[in-house]
Amino acid sequence: MEDGTIDTDWVERQAYDLLEGVPEFIWNGESLPVPVDDIVDNVLGLKVRLAEDMSRAPGCEDLKPGEVSGLLLAHLGEIWVDAVEAGKWDTRRRFTVGHEVGHYLIHRDGRSQIFCRKADITEDEEPERTGPAPKPVPELEADAFAAALLMPEHLIREHSVDCGRDLKEMERRFNCSHKAMKHRLHAIR
Ligand SMILES: [Zn+2]
């Protein structure tokens, strides 16, 4: 879509299809948090690298330190995540990995590298966001994919009933940030 909106149902389905294809020995479809690292490694065959300096990635020499949160190097089968950011917030690391997986599955056609600046990866972005500089559609889609992957709709529904929509408890169970979970619970009613 060209108008800054995304087909969230379609994106949800992409994440659902990935989760559906995860072998039982990696994930039983129920336990939390969703083992995004095992899925990336064992199902997609991608390597996640925590990088102190993202400009060391091939072809990324011009990046400034701290400029980029995540990189997809599809031709190498690697996802690079900013190590400083990842070290501070495991929830952010997981979301960034999920976002890059979204690019890998949805957007990698013909592009060997995708750079995601900090503002490109937003755990609570409104897909309908408009304004003078709306976020590019692929970034919105990658965010929506990450949310759907880490917080699958059926598990959100099940657990939010189980814990009475206790936000803190939901964050703990899904290992997601406050803003990511708040946004997800708002989106799934
Ligand atoms: Zn991105």
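H103 is in contact with L72, R108, I114, C116, P138, E139 and A142, leaving aside its neighbours within four places in sequence. Contact means heavy atoms within 4.5 Å. The model is predicted: local features need pLDDT of at least 70, side-chain atom pairs count only at pLDDT 80 or more, and totals for chains, interfaces and linings use all residues. Residues are numbered from 1 along each chain as its sequence is written, and side-chain values use heavy atoms, with hydrogens and water left out.

**Zinc site**

- The zinc ion has protein donors H99 (NE2), H103 (NE2), C116 (SG) and E139 (OE), at 1.9 to 2.2 Å.
- Donors are N, O and S atoms within 2.8 Å of the metal (3.2 Å for Na, K and Ca); water is not among the atoms, so sites may look incomplete.
- Along the sequence, the donor residues follow the spacing H-x3-H-x12-C-x22-E.
- C116 belongs to strand β4 (residues 113–117) and E139 to helix α5 (residues 137–150), so this pair ties together parts that are 23 residues apart in sequence.
- Helices (H or I, at least four residues) and strands (E, at least two) are DSSP runs, numbered from the N terminus.
- Why is the arrangement irregular? The 4 donor atoms subtend angles of 90 to 136 degrees around the zinc ion.
- Four donors count as tetrahedral if all angles lie between 85 and 135 degrees; four count as square planar and six as octahedral if opposite donors are over 155 degrees apart and all others between 65 and 115; anything else is irregular.

- H103 sits in helix α4 (residues 90–107) and is buried, at 1% relative accessible area.
- C116 is buried too, with a value of 0%.
- E139 counts as buried at 8% relative accessibility.
- Buried means under 20% relative accessible area, exposed over 50%, partly exposed in between (1.4 Å probe, protein chains only).

**Helices α1 and α5**

- Helix α1 (residues 8–20) packs on α5 at an angle of about 45 degrees, with the axes 8 Å apart.
- Axes are lines fitted to C-alpha atoms, for helices over the stretch in contact, and angles run from 0 to 180 degrees between N-to-C directions.
- From α1, V11, E12, Q14, A15, L18 and L19 meet E141, A144, F145, A148 and L149 of α5.

**A148**

- A148 is in helix α5 and is buried, at 4% relative accessible area.
- Not counting residues up to four places away in sequence, A148 touches E12, A15, L19 and R184.
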